[in-house]
Amino acid sequence: MSLSVDIEKHFKGFDLEVAFEAGDETLGLLGESGCGKTLTMRSIAGIETPDCGKIIVNDRVLFDRAKGKKASVNLTPQERKTALLFQNYMLFPNMTVEQNVGAGIGKDVPAEEKERIINGELKRFGIAKFRDRYPIQLSGGQQQRVALARMLAAKPGILMLDEPFSALDAHLKGILEQNLTTLFEEYKGTVLYVSHDIDEALRFCNRIAVVDNGHIMEIGSGDALVNNPQSEAGIKLSGCKNLTAATYVDDHHVFLPRWGIDVRCERVVPKNVKKFGVRAFYLQRMEGPGDNTFRMSCDRVSDSRFDRSVLLGFKDRDSRGGVAVEASDNEMTYLHQHMFWRVDKLSVAADKLPKKDDEVWIRIPADNIYLVTR
């Protein structure tokens, strides 16, 4: 089983230009809202028509159009035999659960075989007892299971899921994730999984493609994205809170204009470096000055269940970084001139936790930073 996509679709103010391949795996499309993830899936499904390019599923050409030409191949959504699960599940309100599950099965399938397939999927997803109910009589989780059962019953060439948990609360989401685990284990082929949640993508996907402004910036394993992102978009989507512009100083130093500091880097600094990143929980509290250690003020403090987040201001900014800005003058500039620090409340005594207006020494570890050129 395989998927090959190389397409372009242009709008006023937005260009989708994506090219990637996938085999028998779950490939995540990870990106912010409006970056082109769903548009890519809709193009594969035949709901949207690219301006040019080619889409091939299991050696079958679904779409083929050269630039400036009419499409030589453009199969209808029904002919493509793909399965796309939308955020709202798109169940037929006038059909029962049983009828919904069977809706995608081909008309050429004998009635006895169709009944066997439907019963098998109802059993797989634990919804046999709801077979005579209508979608309006089901909870959100039950509706999702019906939609998943319908997908597999249709025997599609490729599965595509578009943020299937976006409308669910955290508790229900955790339960229903097990349904997807079952689905992915049972399905032998390519699965595309759209998400903007890095943890969700890591749980389900063998590889992750970072999508930004209509382009794929990098593709790799989840570990590679978390530990060695290759793009600004990758750093952001990996959950790194501290991302700032960087300029080359020498092979092991960068200057960070917004923070007004020079930082030593263990890895070799690319001469065309653009961005610097460091995770908030990698920062280390020190007793005094030292290598990559800076005098800082705790300007804001907030607590979650297990962490304390601290907004750190640099006390000794280099003049090359300009003048420090007050929040009352420009909130966004003020935030960009600060660094986020996350403290584990379970490992630090309550009286040792940093408090607002404290002055602290913070070390940026030279071996735990990100440098990217795009």
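Author: Helices (H or I, at least four residues) and strands (E, at least two) are DSSP runs, numbered from the N terminus. This is a predicted model, in which local features need pLDDT of at least 70 and side-chain atom pairs count only at pLDDT 80 or more, while totals for chains, interfaces and linings use all residues. Residues are numbered from 1 along each chain as its sequence is written, and side-chain values use heavy atoms, without hydrogens and water.

Reader: Which strand gives the most to the lining of the largest pocket?

Author: A pocket is an open set of points on a 1 Å grid where a 1.4 Å probe fits, with protein on both sides within 12 Å along at least five of seven lines; lining residues have an atom within 4 Å of a point. The largest pocket is lined by 23 residues, with Thr-82, Ala-83, Leu-84, Gly-104 and Arg-150 nearest its centre. Two or more lining residues come from each of helix 2 (77–80), strand 7 (82–85) and helix 5. The top contributor, with 4 residues, is strand 7.

Reader: How many charged residues are in the lining of the second largest pocket?

Author: Of the 15 residues lining the second largest pocket, Lys-241, Asn-242, Leu-243, Arg-258 and His-336 are the closest to its centre. Helix 9 (232–237), strand 12 (242–245), helix 10 (331–336) and strand 20 (338–344) each supply at least two lining residues, and strand 12 has the largest share, 4 residues. By class (Ala, Val, Leu, Ile, Met, Phe, Trp, Tyr, Cys and Pro nonpolar; Asp, Glu, Lys and Arg charged; the others, Gly among them, polar), the lining of the second largest pocket has 6 nonpolar and 4 polar residues, and the number charged is 5.

Reader: Is helix 4 parallel or oblique to helix 5?

Author: The axes of helix 4 (residues 111–124) and helix 5 (residues 140–153) come within 9 Å and cross at roughly 140°. Angles under 35 degrees count as roughly parallel, over 145 as roughly antiparallel, 65 to 115 as roughly perpendicular and the rest as oblique. Relative to helix 5, helix 4 is therefore oblique.

Reader: What separates the C-alpha atoms of Met-217 and Asn-94?

Author: Met-217 is placed in strand 11 (residues 215–220). Along the chain Met-217 and Asn-94 are 123 residues apart, and their C-alpha atoms are separated by 43 Å.

Terms used
Axes are lines fitted to C-alpha atoms, for helices over the stretch in contact, and angles run from 0 to 180 degrees between N-to-C directions.
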